[in-house]
Every structure is written in C-alpha cells, then in structure tokens.
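I opened this model to look up its sheet, its pockets and its cavities. My notes follow in the order I checked things.

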Amino acid sequence: MATVDIRGVKKAYGATQVIHGVDVSIRDGEFVVLVGPSGCGKSTLLRMIAGLENITGGEILIGNRVINEMPPKERDIAMVFQNYALYPHMTVADNMGFSLKLRKAPKSEIDSRVNRAAGILNLSKLLDRYPRQLSGGQRQRVAMGRAIVRDPQVFLFDEPLSNLDAQLRVQMRTEIKELHQRLKTTTVYVTHDQIEAMTMADKIVVMRDGIVEQIGAPLDLYDRPANQFVAGFIGSPSMNFIKGKVRLSGTPLLETDSGVAVPLPVADGLTDGKPVIYGLRPEHIRLDPEGVPATVVVTEPTGSEILVVARLGTQALGQEVTCLFRERLSFAPGETIRIAPQPGLTHLFEEATGNRL
C-alpha cells in the first residue's frame, strides 16, 4: 500500500488544455472517488496515474517515487476498466493469473494467489469456466480478481459498474466497498454517478472542466458545498436553486421575480437588493400551513417516498421546485400546497460567481 500525491498536474493535447493544475493528496489505504460530468477530466487523470497518458506538467508520486516517466508495469498498480477486458479463450483461473504468468511466477504462487482472490470474490466454483459462461457481475468480479492477484500498492477503477444493470450495480458497489475494507489497499475510483461516490468514498474529488471544485468527505460535500456546481452535483434528486434578491426590511427575505418571498437562512454580510441564489434540497422541504403557496405540476410516487414538482406562487411564470416527502400523500395536478424549508438546512450562493455565501 502507498500514498498517492498529485501535484500541479496538467494535461494538454496540442494547444487544448484539459487538466489545469490539479492537486490531490491520497492517504495510504484511502478510498478516493473522482467524480464529475462527462468530459471533466477524471478518467484522463486516472490514466495519467496508471501511465496510459503522458503528463504535460506537474508530477505524480506513488509512495515517495515520482512516476511521471515510469512505465505502467513498474508503477505497482492494478486497473479495473469499464469493459472487463477478459481473454475469451482463457478460463477464469487463467485470466486471473495471467499477469503473474507473464512475470514467470512459480505455478504454486500463481495457484495460491488465484485461489485466495477467488475465495474473497466468491469465484472458487467458477475457476474452470470461460467468460462467455459468466454473467456481467461475475465477469466484473473476475476483472477485480485479476487486479487482486497482483497485490498492488494502488487499485485504479475506471467506471467499473457502468455496464451493469441497476440492481447489480448496487450489489457490486457493496462488494467493492467490502473488498476495500478487507484489503485496505489505496484505491482511486472514477465514476460519473454521485450515488456511487457518496456511498463508497472516504474522500470525494469533484471535478469540472479539468479543475477540482471541492475535495472532502461525502457528508461534508453534501452539507457544505463550496459552490453551486458542487451543490447541484452532489445529492439525488438535485438541489433546487431559486434566483432572487435580498430584502432586509424587517425579516430577511429572498424575493423572486414572480413576487414569492422566502425566508433567508442568514443576513450577515448581505446588502439589500443583492442578487443571490437560494439552494434547497428536495428532502429538506416540508408541508407547512404557514408556508409559501405552490402549485402542483406533477407527482412521482416511488413507494417509500413521493417526488412532487411544484411551481412557486400562483403565477404561470413561477419557478419550479422539486419536493421529496416520505409520507403517503396524494396530490392532484393544479392543487395548491404550502411548503417551507426545514430550518438550518438551506444554502445561499452568490449569483455572479456561484460561490457559497
């Protein structure tokens, strides 16, 4: 196991810069998730750690070794890809032990490591099968087993669950986290799915357009997002954003263009008339007889909860917000409900920069 230090790393393809001086420090044994929308640079950064992409600027260290010019096979890493990349003509056992065979490891060592990994991943009964005889989840386990037998300092995962169905993704998510808890190997995991990031990571790195927007523990990012982008990306359903202006005559309020007034969480440092963005998560909205009127647009019951999309105020141009209620409720489109934020669970962002106020 080892630390991974990414120091001022840049990546350019010709004149096009795609990674802009990224700094990330990963502790020994930590599970770090790189998350962000498609094209944000997370997979490129992972491939630079793996040695599959050249580094334009900065340096990457594994342990205390700078690995910029080091070939992939000497970096002591193991990578699990989105596509399983299994050899179809080899059995599960041969696929898992192939890298050790290339190193000319003794057969007894190969068998021992393969059997150990198979035991960890519940593959012991499948070692004689071929990839075509396995389900998607079993193939992904084989790909993980192939990484485990190498006993690397660092595991790298590049969106390994993207090809699986929803139920299997949840199952494999749990298995990967359990695997990390057992092996304690430093892990860097790339995904665009913020639910995966929230449920698996010790630390999340949120990226956008080749820069790091925020680094922190999952609940830190959820509770105190640094800016509007992080606030909207972390959490499902996404945070509601309401544009308006600060009104400080009497009780501090946010007044929207449609005339709806919402109580402000804080007034320190705010000036009357300042344009701001009010952030409120769907799960932090409650029904309140004294709350703001909202017109129901559509409801989406899921069984354990109900999502309600409602338009603030009674005007057709009022802003829509998503509410999440865990009670069994029944609303009709066009019905007026009254809603209010749960105290202390709202957010405020500067309109010009998107930064948290």
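I started with an open sheet of six strands, in the order 6-7-8-3-9-10 and with mixed pairing. Here two strands pair if DSSP finds at least two bridges between them. Strands (E, at least two residues) and helices (H or I, at least four) are DSSP runs, numbered from the N terminus. Strand 6 and strand 10 (211-216) are the edges, each pairing on one side only. On average, neighbouring strands of this sheet are turned by 15° against each other, direction ignored.

**Basis.** The model is predicted: local features need pLDDT of at least 70, side-chain atom pairs count only at pLDDT 80 or more, and totals for chains, interfaces and linings use all residues. Residues are numbered from 1 along each chain as its sequence is written, and side-chain values use heavy atoms, with hydrogens and water left out.

**Inside the sheet.** I then checked strand 7 against strand 8 (residues 186-191). They pair in the parallel sense, over five bridges. Phe 155 has Thr 187 of strand 8 as its bridge partner. Strands of a sheet pair through backbone hydrogen bonds, either parallel or antiparallel.

**Helix 4 on the sheet.** Helix 4 lies across strand 6 and strand 7, and runs at about 175° to strand 6. Contact means heavy atoms within 4.5 Å. Axes are lines fitted to C-alpha atoms, for helices over the stretch in contact, and angles run from 0 to 180 degrees between N-to-C directions.

**Largest pocket.** Next I looked for open space. On a 1 Å grid over the protein atoms alone, a pocket is an open set of points with protein on both sides within 12 Å along at least five of seven lines; a cavity is a set where a 1.4 Å probe fits but cannot get out; lining residues have an atom within 4 Å of a point. A volume is the space filled by probe spheres set on the points, which are joined across faces, edges and corners. The largest pocket holds about 440 Å³. It is lined by 17 residues, and Met 79, Phe 81, Ser 99, Arg 146 and Arg 150 are the closest to its centre. Strand 6 (77-80), helix 2 (92-102) and helix 4 (136-148) each supply at least two lining residues. Helix 2 gives the most, with four. By class, I noted 12 nonpolar, two polar and three charged. Ala, Val, Leu, Ile, Met, Phe, Trp, Tyr, Cys and Pro count as nonpolar, Asp, Glu, Lys and Arg as charged, and the others, Gly among them, as polar.

**Second largest pocket.** Its volume is about 250 Å³. Helix 2 and helix 3 (107-120) are the elements that give two or more residues to its lining. Its lining residues include Asp 94, Lys 101, Lys 107 and Asp 111. The classes are six nonpolar, two polar and four charged.

**Cavities.** How many cavities of 30 Å³ or more are there? I found two. The largest cavity has about 110 Å³. Among its lining residues are Asn 240, Tyr 278 and Pro 341. Strand 18 gives the most to this lining, with three residues. The lining has 11 nonpolar residues, one polar and no charged.

The second largest cavity has about 50 Å³. Phe 155 and Thr 187, the bridge partners noted above, both line this cavity. Strand 7 (154-158) and helix 5 (166-183) each give two or more residues. Helix 5 has the largest share, four residues.
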